[in-house]
Amino acid sequence: MKALITGGTGFIGRHLVKELVNRSIGVTILTSHVVPEQDAGTLIETVYTTYEYNDLIEKLLGKKYDIFYHLGWAGVGGVDKNNIFLQSSNIQVAIDMLRLSKDVGCTLFVAAGTVAEYVFCKNVIDFSLKQTPNDIYGATKVAVHYLLEAIAKQIGQDMIWAVLPSTFGEGRKEDNIITYTIMTLLRGEYPRYGRLEQIWDFLYVEEVARALAELGEKGKHNMTYGIGSGVYKPLKDYIYIIRDMINPELPLGIGERVCEYAEPESSCVNIEQLTRDTGFIPQISFEEGIKRTIEYYREHNLNKIH
């Protein structure tokens, strides 16, 4: 079995590549970046590209692939999330990758969605309801979802839309509350937050990669799946866990920042369909994942990064 993947050099993508290789699946990474050498024998190939259809079809035509994972996305953190020009650039890339997957023989195209599509869902996310994004990033993901579904039907390509959760783990450097909390506390500084009353679901990155691999092998085609832990807590509970692992005596500035939205955000992913169809059940708890993540930052001196 052979897989194509965009975003294979990114945070989740690197772990997905490792997961696929561990399953003896050959991986071809499509990237515009220089990729560090990986010890995986002949199972990993790298194709450098501009992500344009014509460029890639010329390089890949005549080869046979089975599944395409499209994780690549420009502008996933910070101010880039509201850069409409940058976010819009992802639309054509996604369409081109879908067309490419069909033309190189893939039987399935798995595209990465995000819980940012459903920010103001009051309960566990119901994927049949209208999406409620709060930034251009989430809105663009919604648009790409609908566009890909329509085009996939037109060209006869099966696809899965995988709604990825709030993901944490070793090596993530983008703006997010987990990395901010760990790095701030390791520096001995004082983290400040809003009220943190939102109900949230976090999942360790290795589990996200495993779920994606399971979807590629066992997921029902033309479905939307949520990936998550299935465990929901107020956001502040997770922050207390992190603080207590580092030093339970450190103060936390919970409630000291003004909440940006009057309506509370949430991120609770329903994984019943994922479990039913693939057998996926999370095995690494938040506590274990956070323990590994804290140790990673300590060992790599990332607590010095501002």
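Tutor: A salt bridge here is a side-chain nitrogen of Lys or Arg within 4 Å of a carboxyl oxygen of Asp or Glu. The model is a predicted one, in which local features need pLDDT of at least 70 and side-chain atom pairs count only at pLDDT 80 or more, while totals for chains, interfaces and linings use all residues. Residues are numbered from 1 along each chain as its sequence is written, and side-chain values use heavy atoms, with hydrogens and water left out.

Side chains of opposite charge can pair when their charged atoms come close. A search of the whole structure finds 18 salt bridges. One of them joins the side chains of Glu217 and Arg23, at 3.3 Å from N to O. Glu217 belongs to helix H6 (residues 205-218), whereas Arg23 sits in the loop between helix H1 (11-22) and strand S2; the pair thus links distant parts of the chain, 194 residues apart. Helices (H or I, at least four residues) and strands (E, at least two) are DSSP runs, numbered from the N terminus.

Glu217 counts as partly exposed because its relative accessibility is 39%, and Arg23 is also partly exposed, at 22%. The term covers values between buried (under 20% relative accessible area) and exposed (over 50%), computed with a 1.4 Å probe and protein chains only.

A second salt bridge brings together Lys63 and Glu45, at 3.2 Å from N to O. Lys63 lies in the loop between H2 and S4 and Glu45 in strand S3, so this pair ties together parts that are 18 residues apart in sequence. Lys63 is partly exposed, with a relative accessible area of 35%; Glu45 is partly exposed at 30%.
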